Amino acid sequence: MVMKRALLKMLTLTAVAFSWIASPSQAAESIRIGYIPVLGSSALFVIDGEGWAKQAGLDVQLVRFTSGPQAIQALVSGRIDGYVAGVLPLLQARAHGVDVKVVATASIEELSVIARGALADGIKAGSANGPTPDAVKAIFARFKQDQKRLPRLAAQPAGSVPDTLLRYWLQKQLGFEQVNTVASIVGVDIDAAQQAFLAGAVDGAVLREPALTVVKTRLPDARILASGHDMMPDQPGSVLAIVKPDAPEHKAWAATLTTLFVRATTLLAQHPDDAVPFVQKALGGGMLNDDVMKTALEQSASRFVSDPARIVESVKQLQEFEVSQGLLRKAEPVGDLFDTGLWQQAKQ
């Protein structure tokens with residue numbers, strides 16, 4: 001296994017080095033990549049921590065945002081050249097004339113719904129998946145009857161991927177016609193959702209790793225109400241998108257960056273422990289220990305997937321849902337958002 005991995009590393013470095021030599025103008029590029037501080041952005045942290053970009057002659061600058069809409073604003077205004085975050089806002093960016101393409105996925109099925117207190121009563125401990133849809137509906141009904149109110153569920157602001165997926169799960173997977181008769185959705189940023197859940201200000205929250213591991217560690221009675229797969233099979237998570245990947249000024253580095261990103265995603269899937277120090281540095285902020293991050297990465301390993309074709313259909317479903325809910329005026333051509341050529345080139 002060690003020899004196989006060493007051979008893969010050598011071949012990948014050779015391919016990257018060749019592409020760099022073939023396009024020496026890359027050495028002067030400063031590439032600004034916006035990202036959301038979640039585990040789905042881990043491929044960027046691996047690239048940065050391992051020094052792969054510098055080895056390939058790329059000057060990659062990571063720009064942190066607290067929500068997808070913030071990153072989209074920066075992308076539309078030309079302040080970043082690429083983006084690692086949720087996919088749905090990119091369709092609207094294209095609708096506003098931004099030539100942006102998804103060239104690789106970072107992860108799938110990132111988002112889960114976690115519950116505490118009365119909303120978690122009766123849910124089996126230790127399960128990676130949530131209860132059956134019928135059981136979840138019974139939980140909501142019992143909560144409303146016993147607590148004399150609707151459960152409060154924290155997600156990100158309206159129009160974000162977490163908000164849309166939460167509504168999709170409630171309506172399409174559970175069959176509730178009106179969300180506002182089942183739950184009260186609170187739109188906050190990523191950090192605030194975790195804090196609100198820990199403080200008991202909400203009964204449930206849509207969270208990603210490592211927040212899920214953090215809250216389960218601090219609140220042993222917290223339970224998964226819906227896993228990422230429960231919410232939507234092949235749920236679209238974070239993606240790598242590049243602005244104008246075919247433009248001469250970006251084409252020089254787009255293929256190399258995609259190759260590095262796919263390589264990093266593969267490492268996360270196959271050797272998650274190797275990524276712990278890099279992800280810890282980017283996300284831990286001195287507040288998480290290595291064991292928590294190690295657990296979060298190991299539990300997410302199977303969800304680190306780089307093939308962009310994997311999420312095309314689920315993106316279509318979510319966009320159609322947003323249109324049906326009046327969140328979007330019209331559907332945009334989903335196929336136009338994806339460029340699978342660079343991923344295929346990276347896998348060769």
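Student: What is the relative accessible area of Asp-203?
Tutor: This is a predicted model, in which local features need pLDDT of at least 70 and side-chain atom pairs count only at pLDDT 80 or more, while totals for chains, interfaces and linings use all residues. Residues are numbered from 1 along each chain as its sequence is written, and side-chain values use heavy atoms, with hydrogens and water left out. Buried means under 20% relative accessible area, exposed over 50%, and partly exposed in between (1.4 Å probe, protein chains only). Asp-203 counts as buried because its relative accessible area is 8%.

Student: Which residue meets Asp-203 in a salt bridge?
Tutor: A salt bridge is a side-chain nitrogen of Lys or Arg within 4 Å of a carboxyl oxygen of Asp or Glu. The N to O distance for this pair is 2.9 Å, and the partner of Asp-203 is Arg-149.

Student: How many residues apart in sequence are the parts that Arg-149 and Asp-203 tie together?
Tutor: Helices (H or I, at least four residues) and strands (E, at least two) are DSSP runs, numbered from the N terminus. Arg-149 lies in the loop between helix H6 (133–147) and strand E6 (152–155). Asp-203 lies in the loop between H8 and E8, so the separation in sequence is 54 residues.

Student: Where does Arg-208 find its salt-bridge partner, and what residue is that partner?
Tutor: The side chains of Arg-208 and its partner meet at 3.0 Å, N to O. Arg-208 lies in the loop between E8 and H9 and the partner in the loop between strand E4 (100–105) and E5, so the pair ties together parts that are 98 residues apart in sequence. Both members of the pair are buried. The partner is Glu-110.

Student: In which helix do Arg-167 and Asp-163 lie?
Tutor: Their side chains meet in a salt bridge, 3.0 Å from N to O. Asp-163 is buried, with a relative accessible area of 2%, whereas Arg-167 is partly exposed at 24%. The two are four residues apart, about one turn of the helix, and that helix is H7 (residues 161–173).

Student: Which residues does Phe-321 contact beyond its neighbours within four places in sequence?
Tutor: Phe-321 is found in helix H14 and is buried, with a relative accessible area of 2%. Contact means heavy atoms within 4.5 Å. By that rule the partners are Thr-164, Arg-167, Tyr-168, Gln-171 and Lys-172.

Student: About how much area do domain 1 and domain 2 bury between them?
Tutor: The domain assignment, with bounds from an automatic or database source, gives domain 1 (31–109 + 236–347) and domain 2 (111–231). Buried area is the accessible area (1.4 Å probe) that two parts lose on being put together, summed over both. Carbon and sulfur atoms hold 67% of it, and the total is about 2000 Å².

Student: In domain 1, which residues lose the most area to domain 2?
Tutor: On the domain 1 side, 26 residues are in contact with 22 residues of domain 2. The residues that lose the most together make up 27% of what the domain 1 side buries, and they are Glu-109, Leu-318 and Phe-321.

Student: How many salt bridges are counted between domain 1 and domain 2?
Tutor: The structure as a whole holds ten salt bridges. Between domain 1 and domain 2, the count is zero.
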